[in-house]
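Student: Could you walk me through this model? I would like to see how each conclusion is reached.

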Amino acid sequence: MAAALTQITDSVHFAQTDLVNWTLITDGTGVMLIDAGFPGQRDDVLGSLGELGFGIDDVRAIVLTHAHIDHFGAAIWFAKTHGTPVYCHADEVGHAKREYLEQASPADIIPHIWQPRWLKWSLAISSKGGMVRDGIPTTQALTEDIAAKLPGAPMAIPSPGHTSGHCSFVVDGVLVSGDALVTGHPLLRHDGPQLLPGLFNHDQDGCVRSLAALGMLNTDVLLPGHGPVWRGPIREATEKAAT
Ligand SMILES: [Zn+2]
């Protein structure tokens, strides 16, 4: 199923799929992606670019909220095949290069797959390349200087916890929260602002602290890594997620 594309502001578009989301930010020089789906969602990513009139060579950069396979999968191909620059928080670069891995392993998942929703999700992500172990050796730290020159000049809001170098971004007044704050997931029973199940979070206390930091922002549109767009004062979302 193709990604559902929603225009959020003049320059920000949100691509939502059942499994994971990504965000496209445009300006006169091209387009920047924040996150890029599973490896097997490459065609969906290309489709979302195409819907906005962009091709592969218009992608100025891919900025990662974090280096989990569901968020940087297609970026592996962009970087390798097209030399697309890939950036993330300095503390996440080693993770993106796969010098280490902070991701739930099959051994963490298997005890849960007697539950139909876990089994269905495990099969779905496997078919999208969820077991791919490749890194992106060319990943660089997103400095303020680099960010200032990218479409939307993303403002980094470090939000460690889900991974050690997880980072959220504010672009054009919109918060792109990655997995620091989600609004739904195939494994969650209800939609609404919340944290992912604890086994996916490297540091649960860090997640809670990062929620508090996000809650101090002055934004009222939330584009999460999983689940639908959420509108309202961000503090309401972070308080809901913290309870
Ligand atoms: Zn995720």
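Predicted model: local features only at pLDDT ≥ 70, side-chain atom pairs only at ≥ 80, totals over all residues.

Student: How many aromatic pairs does a search of the whole structure find?

Tutor: Good place to begin. A pair of aromatic rings is described by the distance of the centres and the angle of the planes. Searching the whole structure on that basis, the number of aromatic pairs found is 4.

Student: Are the rings of Trp 118 and Trp 121 edge-to-face or stacked?

Tutor: Their centres are 6.2 Å apart, and the planes meet at 80°. Planes over 60 degrees apart count as edge-to-face. The pair of Trp 118 and Trp 121 is therefore edge-to-face.

Student: Is the pair of Trp 118 and Phe 200 stacked or edge-to-face?

Tutor: Here the centres lie 6.0 Å apart, with 15° between the planes. Planes under 30 degrees apart count as stacked. So the pair of Trp 118 and Phe 200 is stacked.

Student: How many residues apart in sequence are the parts that Trp 118 and Phe 200 tie together?

Tutor: Trp 118 sits in helix H5, whereas Phe 200 belongs to the loop between strand E10 (174-178) and helix H7 (204-214). Both Trp 118 and Phe 200 are buried, and together with Trp 121 they form one aromatic cluster. Because of where the two partners lie, the pair ties together parts whose separation in sequence is 82 residues.

Student: Which residue's backbone oxygen does the side chain of Ser 122 reach?

Tutor: Ser 122 is also in helix H5, and its relative accessibility of 13% makes it buried. Not counting residues up to four places away in sequence, Ser 122 touches Ile 109 and Ile 113. Its side chain comes to 2.8 Å from a backbone oxygen, that of Trp 118.

Student: Turning to the metal, is the site of the zinc ion irregular or tetrahedral?

Tutor: The protein donors are Asp 70 (OD), His 71 (NE2), Asp 179 (OD) and His 226 (NE2), at 2.0 to 2.4 Å from the zinc ion. The angles among these 4 donor atoms run from 89 to 161°. A tetrahedral site needs all angles between 85 and 135 degrees, and the site of the zinc ion is classed as irregular.

Student: How many residues apart in sequence are the parts tied together by His 71 and His 226?

Tutor: Along the chain, the donors follow the spacing D-H-x107-D-x46-H. His 71 is buried at 0% relative accessibility, and His 226 is buried too, at 2%. His 71 lies in helix H2 (residues 69-82) and His 226 in the loop between strand E11 (221-224) and strand E12 (230-231), so the parts they tie together are apart in sequence by 155 residues.

Student: Is Asp 35 buried or exposed?

Tutor: Asp 35 is in the loop between strand E4 (30-34) and helix H1 (42-51). Its phi is near 70°, a positive value in a residue other than glycine. With a relative accessibility of 2%, Asp 35 counts as buried.

Student: What is the relative accessible area of Asp 172?

Tutor: Asp 172 lies in the loop between strand E9 (167-171) and E10. Phi is positive for Asp 172, near 50°. Asp 172 is partly exposed, because its relative accessible area is 45%.

Notes:
Residues numbered from 1 in each chain as written. Heavy atoms only, no water. Phe/Tyr/Trp six-rings, centres within 6.5 Å; stacked < 30°, edge-to-face > 60°. Helix = DSSP H or I, 4+ residues; strand = E, 2+ residues; numbered from the N terminus. Buried < 20%, exposed > 50% of the residue type's maximum accessible area, 1.4 Å probe, protein only. Polar contact = N/O pair within 3.5 Å; in protein donor to acceptor, adjacent residues only side chain to side chain. Contact = heavy atoms within 4.5 Å. Donors = N, O, S within 2.8 Å, 3.2 Å for Na, K, Ca; no water. Tetrahedral: all angles 85-135°; square planar, octahedral: opposite > 155°, others 65-115°.
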